[in-house]
Each structure stands twice: as C-alpha cells, then as structure tokens.
Amino acid sequence: MHAYRTHTCAALNQSAVGQSVRLSGWVHNKRDHGGVLFVDLRDHYGITQIVADSDSPALPVLEKLKLESVVTIDGDVKARAPEAVNPNLPTGGIEVFAREVTIQSRAEELPLIVNSAEDYPEETRLKYRFVDLRRERVHNNIILRSKVISSLRQRMIAQGFNEFQTPILGASSPEGARDYLVPSRLHPGRFYALPQAPQMFKQLLMVAGFDRYFQIAPCFRDEDLRADRSPEFYQLDFEMSFVTQEDVFQAIEPVLAGVFEEFSGGKTVTPAGTFPRIPYREAMLKYGSDKPDLRNPIEIADVTEFFGNSGFGIFDSIVSRGGVIRAIPAPNTSEMSRKFFDEMNDWAKREGFAGLGYANARGNQGPIEEFAFNFWNGDADQSISGLVIDGVPAQQRIADEGANKDSVLGFLKGPIARHLAPAEQAKLLKKLGCKPGDSIFFAAGKEKDAAKLAGAARTRTAEILGLIEENCFKFCWIVDFPMYEYDEDAKKVDFSHNPFSMPQGEMEALETQDPLDILAWQYDIVCNGYELSSGAIRNHRPDIMYKAFEVAGYTKADVDENFSGMIEAFKLGAPPHGGSAPGIDRIVMLLADEPNIREVIAFPLNQRAQDLMMGAPSQVSPRQLRDVHIRTVEAPKEG
RNA sequence: GCGGGUGUAGCUCAGUUGGUUAGAGUAUCGGCCUGUCACGCCGAGGGUCGCGGGUUCGAGUCCCGUCACUCGCGCCA
C-alpha cells in the first residue's frame, strides 16, 4: 500500500464501499460528539468525511488534534445511512471509518481560518499566504490561472506561434516606466534592468525571421500600485511579421474571446470578429476614458456649443478660454433628492475637480423628443397642444397664468438650466437623447480635465444607479491613438505613447501633416473597463524612425545613442511587424470576478511592493553590497 | 508626492453624549455529549484600544502629530 494514500479526498463514492483505503490530508473541520467524532479531511481535490467512534484508536488522537494538522487515515469505506447523506459534498454518500491515524504534521493555532469564507485583512492573508491559499476561493483562482495560461498557450500554438524565452537581465531603457535595477558584480557601477516587457527582443525575433512569436512573459515595473496593477505581472506577449493591424486583430480576437468563453462560467462574451473598434478621440468624448466599460449604457456628449454667451458665468468663461463642457445623462433621476446631486458635486470636489453641475429634465408626459425637435425648428405652437408639463397642459398654463411662454416651456430645472432658452434646452436634450425625468451632469474645464471628470462621473452615476450590465464581458479595441501630443510642462510636442509605433501615413504623414493630427497604428484591447493589452504595428524603417523622433525634437544622435541596438537591426533587413501583449493577471482577474489582481497571484507583493511572508525587499550583508560595488547612503533601518 | 477609508482579544467586529471592571462571535484550553456536516451545551483564559503627545476630575471616544494597511490621484510609452 502506498505510504500516504490509495485515493484522494475526492475519489471515493458508492462504488468503493467495503474497500480498505488510506487517505491523507488536512483536518479541515472536526465535529466531536463525545462517543463519535467526524473529521472533514481535505486535500487539493476535495473533502471526505472521516468517522471515529469509541472503538477506534484514532478517536483520542484526532480529538486532540488542531485544525489544519496533516494526517494519514487508514480505514474502511462505508455507505452513509440515507438520512446522513450530505448532498452538498461530492463524496457525501460515503464516509471512511478510521482504524488508524498517523500524524504527519501538527498545526498550531491558526492566524486565519481555512474553512470559512470570512474576509481577512490582506496583511494577515499575505503574511500567511500558504494558509490563505488553502481556502477555497483563492485556491480556485490559482487553479483557474493555471488553466487559462494553458489554454492561451494551446490557442497560440494552434495558430502557428512559437514560444521563446527572452532575457530577464537586460539593459535599462530611457523611456517608459521606472526599471527594477540589478547591480552588476563583474562590471562595477553598471546595472541590469528587469524587463518592463520583452519589447526589443520580440521585435528582434521578427528581424531574425521567426515570423510568429509568443511568450507567457514576466514583466516588471517599479511604479506605484493599484488594485489592478502589480509590480511584477505576466503578459501573453506576441509578435507577427508581414502583418497589418487587421491581421493582428484577427489573430488575437479568437484567442481572447475563446479563452473567455471557455472560462466565463456562462457569462456572455463579445464574439471573436465583432470587437467594436473605437477611435481614441471618440472614446475620450463618449466615455471620458481610453478604457471604456461598455457595460455602462451612459454616453457623454459635448455641449460646449450651448455655452459661451449663455449668461452662466462659470461655463461661459471656461468656454471663452478654450475649454469644453461635457454632459453626462443620468436616466430617471430628476426626482431624486437634492442630496443626490449635492453628493455627486462633493464627490467631484474630493476627486480634485472644480465641481459637477446638474440640471433636471421635467417629468413631462408629452412626447418631449418630438416636441423639442419641432420647437427647435420653429414649429412649436403646432405641437404645444399635446404637451403636458408637470401635469398641466402647456396651453392651459399659458392661458391661466399668463405666464411667459419661455418659462412655461422650459424643459430643464436647476441653476444651469435658467440660463438656457427653451429652444436651447430642447436642442440639448435632443442631443443627449434624454427622456423626461432624466437629469444631466455637466463637466467643464480644459478638454482633458473635462473628459476625465465626465468619464469618472459616467462610471459613478452608473454604479450608483445600478446601470452596469452584469454577466457579460464586453470587449472593444481602442484604435487610432494620436502619435504625438502637446506636452504642457515641456512646452513642446512629444510622443503620446509608444515612439516605436508606425505613424499612419508613414513618412509622408510625418513630412506633411500637423504632428498633433498624425495617428499611430497603435491599439488597446479593453474589456469591462480594464485595459487588457496594448499593441502596435511597429516602425521598422530607420528613416521613418529618425524622422518620427525629429518631429518630437530629438536628433539622429539621440536616437543612435539610446536605441542603437534596434536601429542597427532595422538596417540589416527588417520585416514589417506588429503585435500586442494581453495582461494575463487581468484576464484571470476578470474571469474570477475578483476586484483585485492580488487575488489571482499565488504570492503577490502587497500595495507597497513588499513580500510580508519572506520579508522582501530585505537588507543584505555588507559583503553582498561590496560584491556588487554598492554603498548605501541612508542609514539602514532595523527590520 | 497628494487625498479618502481602516486600525479595539489569535481572528472577525460592536463600543451611545467623554463616565463603573472595554463587550460579542469565532479560535484556544477544560468539562459534557454516538450521527454531525457552520454540530450542540457548560465553564475558563486571553486587551500597551496602532504609537506619541495634548485637553479634561475622567479619553477606545475630543484635538494635534505619527506609523501601518488599503482604495484612488499623480505615475504607469
């Protein structure tokens, strides 16, 4: 008989009744009835109930044993009485009567309880990650991760991609994120950098003629963390030769849609081949973000045209200084309390914005859209007959109150609305697609700021109102990123994203167009508001590369000095190529429905990039520092 | 670097307007219990209330500072 087990804790069922078996696992839970003791024995595969009665020598041993101790049980499989069957347990039809128990490892009192779904502070969980990982939810997440990676690999290989490893110890690169540095022992004063991504190497693999490469690649970035950002993470890094942007899309959409369909657990997935393509500028306008969550039905609109001479001072002056006004429709909220709108405004201020204005559309009972359209076209009197405002027909109000026609016909309430003539209000509602009873939030400022506030308000509004569609994964491509942007601080044009992307229009565009109008063959994949990947058709032409850098104010010497390896390679025969790199941790995070990337990493660093279990980063001995020619400046702290 | 939240028993949390000896659940220890599967019942131990300072007759509670964790902003092509 095997030293530890004849079966796993998930393997036994009715067909094993009568067998003599040996099981090993952790004491998941105990129920001690004095004369009879039940133990839930757990391993990776499942749970089997062990029974020890007063005849069993195992009873006194198991009785004293703490939870999470590891034991080997010798016993006999018995069928449970019908009333004792546990339908919630796959092995619930049987139990193992213990004849003997061997203690493999005694557990002391636990810092967190394995057999509970209770939430523990992350500090505790990470310090005792090996215990935390025994718990069902995290254990399943890590298994899911393994399956997702396996599936991604198979799907890539099936498409003819070859998996290669690229160096971990590389050269530091001047652009991009901060590098993790590794000092060199053999070369005093010099440093390796851990890769932020295998960018250079995958392009060189294309130059080397390998045509289709991929890698489950570890990446490192020494920047501050977020819930969806870890300093070390994995990407499905891939690159292809002789391809257009369209070819890259067609290669990766089936992989992502496929793996999401495989593991989504029934949630709907945007089908491969139908990922919407949203130009960057459109995304910034309609969603206030370059990673829009398309589960959110709200669409932002630009309403700058309604202000400037409206008499609403703040907005008018923002517009006159070149700013913009963005409107965020909030469905069915016009009857919400003042508090709702005030709290949105307070929230915007807390987020560092000037504030968030609002207006409410009256709860008209008439066909407001049709009326608004007619009104706007000077055809109002004709349709007033059908219009009811706040329960009173519009014509009657005009007659009864002798009211000013404009005030009666106003569609919008609130401090901003007072400054817009009814015809303007109608146009505005029409533009936003608002219905009676909706409200509108206004975000004003410089274009970048207003878009950002509008985007944040769009998300918050939908979350508060419960408008985010559930049980779906909505993918899209963000395309047509601008090649350059104006850097306010440096007062010059600079690359807006990756300097190695091919500009759309290539050399001709660089020579003839306003740099701020040039688009790049660069694209992101976004799913449910998370940026899953970033990619591009690369610039493989030295002449275009020098020109692209020249536009941003860099000399040929600058390029040669910083990127000589790549440039030299491109001078010796480089195929047109492009690729992308979906983030694996974020994919698993979405599939596991976890709000935090650390939930899908077996041993994650905490929010301050520390390993609380192993104590990284740690101090090293003076000898080690001497070896790598490092002298620290600040007095080391204890710990 | 900046802003929000949290910090009370091993663990999860409660703690009122500043007022007696800081509570509960769970875990641990002891006792009882032969059919539980969140077993049940009885009892016990367990606290620098994150840390430092201040106000007060009196501070877990109010004020100032500070630390840790976390979420967001900056940052992350």
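In the predicted model, the mean positions of the 70 positive and 90 negative charges of chain A lie 4 Å apart, with Lys and Arg taken as positive, Asp and Glu as negative, and His and the chain ends not counted; each charge is placed at NZ of Lys, CZ of Arg, CG of Asp or CD of Glu. Local features require pLDDT of at least 70 and side-chain atom pairs pLDDT 80 or more, whereas totals for chains, interfaces and linings use all residues; residues are numbered from 1 along each chain as its sequence is written.

Chain A contains 20 helices and 26 strands, defined as DSSP runs (H or I, at least four residues, for helices; E, at least two, for strands) numbered from the N terminus. Of its 639 residues, 48% are buried, that is, under 20% relative accessible area with a 1.4 Å probe and protein chains only. Among contacts (heavy atoms within 4.5 Å) between residues at least 6 apart in sequence, 66% join residues at least 24 apart.

Just after α6, G265 adopts a positive phi of about 65°.

M156, located in helix α4 (residues 136-158), counts as buried because its relative accessibility is 0%. Leaving aside residues up to four places away in sequence, M156 touches F161, F214, L236, F238, I252 and V255.

Note on methods:
Chains are lettered from A and ligands numbered from 1 in the order in which they are written. Side-chain values use heavy atoms; hydrogens and water are left out. Buried means under 20% relative accessible area, exposed over 50%, partly exposed in between (1.4 Å probe, protein chains only).
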